[in-house]
Amino acid sequence: MSHNPYHTEEQVPTLRNSVLAYIDILGYSDMIRESEELGTQQEVLSRLHTTLSKRRELLEDKTSPKELRELIKKDNYALKAFTDNIVIGWPIRDDGESEFWSAFSKLSIFQLQMVTSGFFIRGAISVGNAYIDEIAVFGEALVEAHKGESSLARDPRIILTTSAVNAAREHLTHYEEPRHAPHTRDILQDSDGQWFLNYLDCILIAENEQGPYYNEFLEHKDKVEQMLQQHRGNPSIWSKYAWVAGYHNYFSDLHPEHFNDNHKINVELFRASPALIV
């Protein structure tokens with residue numbers, strides 16, 4: 001049986017320095033409201049429930065082989081899900097680099113699979129004291145991550161808050177050539193200065209063995225194009241999917257050895273420049 005890493009041997013709730021991720025589903029309230037207007041509440045609920053159930057199994061390692069689950073165990077982290085929010089904490093045992101790797105790996109696959117299922121997410125990763133169990137979520141890391149998600153993430157991206165950026169910078173100093181550090185693939189810096197999770201990199205997780213996961217990349221392309229077309233008349237929502245389209249194409253350009261124009265989103269769907277009416 002797996003134990004909550006935030007409990008002591010006496011099962012006392014204990015704050016621990018942690019890597020913590022706070023994520024939620026983009027436009028959750030609008031989704032409910034729109035389904036009520038269209039009379040599709042049951043359909044949307046069924047799709048959402050099925051998707052979250054499957055993707056949560058991924059976060060909890062339930063889809064991993066039994067031998068791997070027994071080797072890694074769930075003692076390395078704790079997860080709490082409520083409504084459209086998920087909080088995951090990884091108590092830090094050393095300098096936090098292995099916990100960052102675990103967080104980046106899980107969250108990247110989770111975010112990609114949520115998008116290809118039609119649900120876009122955003123969130124924030126922080127470092128600090130935290131406590132998580134089935135009853136309560138508590139600590140400064142939660143406050144910082146929640147603030148980052150609500151005020152800085154803005155688009156469908158998982159950003160790193162100041163504490164997480166500082167920790168990642170420290171990890172880079174462990175390498176004689178920082179460009180060889182794993183973080184240089186896991187993290188990108190956006191035009192507004194925010195560091196965010198480069199979740200599409202999981203497309204290349206086995207590039208040397210079997211090549212990129214092209215089907216998943218094309219599914220990502222298709223979902224983003226659908227959302228751009230669907231929300232073209234709502235600028236505040238459309239702009240968020242335009243951001244994802246820009247990221248998708250940037251990632252494609254970053255790896256020309258694997259991707260070409262057929263893998264990219266049609267720029268005309270999210271071009272921000274004005275045009276003549278005639």
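**Entry 1: the α8/α9 pair**

I started with the helices and saw that α8 passes α9 in a left-handed crossing (the near helix is turned anticlockwise from the far one by less than a right angle). This is a predicted model, in which I take local features only at pLDDT of at least 70 and side-chain atom pairs only at pLDDT 80 or more, while totals for chains, interfaces and linings use all residues. I number residues from 1 along each chain as its sequence is written, and side-chain values use heavy atoms, with hydrogens and water left out.

I looked up the packing next: α8 (residues 214-230) and α9 (residues 235-254) meet at an angle of about 150°, their axes 9 Å apart. That makes the two helices roughly antiparallel, a label for angles over 145 degrees.

For the contact (heavy atoms within 4.5 Å), I noted residues including Phe217, Val224 and Leu228 of α8 and Trp238, Tyr241 and Phe251 of α9. I find 10 nonpolar, three polar and one charged residue there.

**Entry 2: Glu219**

I stayed on α8, where Glu219 lies. Glu219 is partly exposed at 39% relative accessible area (between 20% and 50%, with a 1.4 Å probe and protein chains only). Its C-alpha atom is 14 Å from that of Phe259, 40 residues apart along the chain.

**Entry 3: Thr161**

I then moved to the loop between β6 (158-160) and α6 (162-172), which holds Thr161. Thr161 counts as buried because its relative accessibility is 4%, and buried means under 20%. I also noted that, beyond neighbours within four places in sequence, Thr161 touches Ala124, Ile125, Ser126, Glu144, Ala145 and Gly148.

Technical notes:
Axes fitted to C-alpha atoms, helices over the stretch in contact; angles between N-to-C directions. Helix = DSSP H or I, 4+ residues; strand = E, 2+ residues; numbered from the N terminus. Parallel < 35°, antiparallel > 145°, perpendicular 65-115°, else oblique. Nonpolar A, V, L, I, M, F, W, Y, C, P; charged D, E, K, R; others polar.
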